[in-house]
Amino acid sequence: MQYNGVAVKAGRLFDTSLPWREGHRPQFESGLISAISRHVSSGDDVVIVGGGWGVTAVAAAKQVGDSGSVTVFEGAKREVKRVKETVALNSVSDIVEVHHAIVGPEIHLKSAAGDPARVPPDQLPRCDVLELDCEGSEIDILKNLSSRPEYVFVETHGIYEAPTDEVRKVLEELDYEITHCEIGAEDYRTDCEEYDIYVLTGQRI
């Protein structure tokens, strides 16, 4: 089974806010994958908050190559396992480091947390690219960053206290130019529009 060209272990994508389906999903996380394709380069250090299925971690790892790194923070125990499975299945385990940790406030997790570490946003590693897909914690994390990556990709979640307009405002206040605003996942466009799920790409000015 493949999600946007990334091999994943067979199973069902379950999320209380979106419908699920089985099988290939060529447009899975299309907004984030598009941003990664445009702006992540060989040798970059990428930090991802909210690992999900590990698809964007694999996509970023393929872009950064052996000279770069991808560090993933995921708060839900089940999703930590999924990220590690996907990373291993795609042979990028040497590039991707996965932490079972919640960054910033815990607003919504896709499954039970288990026993995650707690990481304040200002203790995230310095990086060239920061991806935030953390179900409502995006605004708090942005406001409390201690560094300014060259690029920030944020999946907004109007349904979980991180509406697109507010995320855009915070990014601009942090001196990021919004270069792209895309639907979160083209194969769920209607749902993304209803729940206000978009991907904003911010480039540091």
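**A walk through the predicted model**

Aspartate 140 has its place in helix H4, residues 138-143; helices here are DSSP runs of H or I with at least four residues, strands are runs of E with at least two, and both are numbered from the N terminus. This is a predicted model, in which local features need pLDDT of at least 70 and side-chain atom pairs count only at pLDDT 80 or more, while totals for chains, interfaces and linings use all residues. Residues are numbered from 1 along each chain as its sequence is written, and side-chain values use heavy atoms, with hydrogens and water left out.

Aspartate 140 is partly exposed, with a relative accessible area of 32%. On this scale buried means under 20% relative accessible area, exposed means over 50%, and partly exposed lies in between, with a 1.4 Å probe and protein chains only. Leaving out residues up to four places away in sequence, aspartate 140 touches Gly104, Pro105 and Pro121, where contact means heavy atoms within 4.5 Å. Glycine 104 is 36 residues from aspartate 140 in sequence, but the C-alpha atoms of the two are 6.6 Å apart in space.

The whole protein comes next. It contains 6 helices and 10 strands. Its radius of gyration is 15 Å, close to the 17 Å that the globule rule gives for 205 residues, so the protein is as compact as a globular protein of that length. The radius is taken over C-alpha atoms, and the rule is 2.2 Å times the number of residues to the power 0.38. Along the principal axes, the C-alpha trace spans about 40 × 40 × 35 Å. Of the 205 residues, 55% are buried. Among contacts with a separation of 6 or more, 64% are between residues 24 or more positions apart.

The accessible surface comes to about 9000 Å², and carbon and sulfur atoms account for 44% of this area. Accessible areas come from the Shrake-Rupley method with a 1.4 Å probe; for residues, only the protein chains shown count as cover. There are 20 positive and 36 negative side chains, and the centres of the two sets lie 5 Å apart. Lys and Arg count as positive and Asp and Glu as negative, without His and the chain ends; each charge is placed at NZ of Lys, CZ of Arg, CG of Asp or CD of Glu.

Helix H2, residues 55-64, has 8 buried residues out of 10, so it is largely enclosed by the rest of the structure. The buried residues in H2 are Val55, Thr56, Ala57, Val58, Ala59, Ala60, Ala61 and Val64. Just after H2, glycine 65 takes a positive phi of about 70°.

Helix H3, residues 77-89, holds glutamate 79. This glutamate 79 is buried, with a relative accessible area of 2%. Apart from neighbours within four places in sequence, glutamate 79 is in contact with Gly52, Glu74, Lys110 and Ser111. The side chains of glutamate 79 and serine 111 are joined by a polar contact of 2.6 Å. A polar contact is a pair of N or O atoms within 3.5 Å; within protein, one must be able to donate a hydrogen and the other to accept it, and residues adjacent in sequence count only if both atoms are side-chain atoms.

Serine 111 itself lies in the loop between E5 and strand E6 (117-119), and is buried, with a relative accessible area of 18%. Outside four places in sequence, serine 111 touches Ala76, Lys77, Arg78 and Glu79. For lysine 77 the C-alpha distance to serine 111 is 7.2 Å, across 34 residues in sequence.

Two loop residues stand out by backbone angle. Most residues other than glycine have a negative phi. Serine 91, in the loop between H3 and strand E5 (96-103), has a positive phi of about 60° although it is not a glycine. Serine 91 is exposed, with a relative accessible area of 66%. Aspartate 175, in the loop between helix H5 (164-173) and strand E9 (176-183), has a positive phi of about 70° and is likewise not a glycine. Aspartate 175 is partly exposed, at 46% relative accessible area.

Strand E9 contains glutamate 182. The side chain of glutamate 182 makes a polar contact of 3.0 Å with that of serine 34, and another of 3.0 Å with that of arginine 38. Residues touched by glutamate 182, not counting those up to four places away in sequence, are Gly31, Ser34, Arg38, Tyr198 and Val199. Leucine 200 is 18 residues from glutamate 182 along the chain, with 6.7 Å between their C-alpha atoms.
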